[in-house]
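Please read it alongside the sequence and the structure shown here.

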Amino acid sequence: MELNDEILISAPIDAVYAALNDPSILERCIPGCEELTQNAEDELDAKVTLKVGPVKAKFKGSVTLDRSGAPETFSLTGQGNGGAAGFAKGGADVTLVAQGDETLLRYEAKADIGGKIAQLGSRLIQSTAKKLSAKFFANFAEVMAES
């Protein structure tokens, strides 16, 4: 499954980059996130509860960040396990483009899923992924507007 989109954030690039690397902000923005813990400079652990169609599962997972192109580009890879519901793994490339006092955020993400969730059908999974992604960025834009 592949997702990509862009959103204009009302904040300068340095503030957007800093917020995207702040676990407390990310925890507020990730739909269903119960806990987000930073283990090392570039590693996070997450506990997230998601509902995909009739399947609701708690996922435990980890995310590794690659900030070598920061602040204009960075990437992340992660994996999560939802027990009997299945698993998800994937990554995303994020590009930040300064536009005056605003920042254009573009992302391209890929994910693979397996288990019970994978049996629900690609349309349902794709639409749920798009909704969750849109919710994250709406939450993120709102948090950035509060700053």
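## Glu6 and its partner

In this predicted model, Glu6 counts as partly exposed, with a relative accessibility of 42%. The side chain of Glu6 meets that of Arg106 in a salt bridge, at 3.0 Å from N to O, and the pair links distant parts of the chain, since Glu6 lies in strand E1 and Arg106 in strand E7, 100 residues apart. Arg106, at 38% relative accessibility, is likewise classed as partly exposed.

## Other salt bridges

The structure holds four salt bridges, and one of them joins the side chains of Arg28 and Glu146 at 3.0 Å, N to O. This pair connects helix H2, which contains Arg28, with helix H3, which contains Glu146, across 118 residues; Glu146 is exposed, its relative accessible area being 54%.

Lys58 forms a salt bridge with Glu34, in which the closest N and O atoms are 3.3 Å apart. Because Lys58 lies in strand E4 and Glu34 in strand E2, the pair ties together parts that are 24 residues apart in sequence. Lys58 is exposed at 57% relative accessible area, whereas Glu34 is partly exposed at 42%.

In helix H1 (residues 13-20), the buried residues are Ile13, Val16, Tyr17, Ala19 and Leu20. Seen down the axis of H1, they fall within an arc of 165°, so they line one face of the helix. Their packing partners include strands E1 and E7 and helix H3.

Ser133, placed in helix H3, is buried with a relative accessible area of 13%, and its side chain makes a polar contact of 2.4 Å with the side chain of Tyr107.

Terms used: Residues numbered from 1 in each chain as written. Predicted model: local features only at pLDDT ≥ 70, side-chain atom pairs only at ≥ 80, totals over all residues. Heavy atoms only, no water. Helix = DSSP H or I, 4+ residues; strand = E, 2+ residues; numbered from the N terminus. Buried < 20%, exposed > 50% of the residue type's maximum accessible area, 1.4 Å probe, protein only. Polar contact = N/O pair within 3.5 Å; in protein donor to acceptor, adjacent residues only side chain to side chain. Arc of directions from axis to C-beta. Contact = heavy atoms within 4.5 Å.
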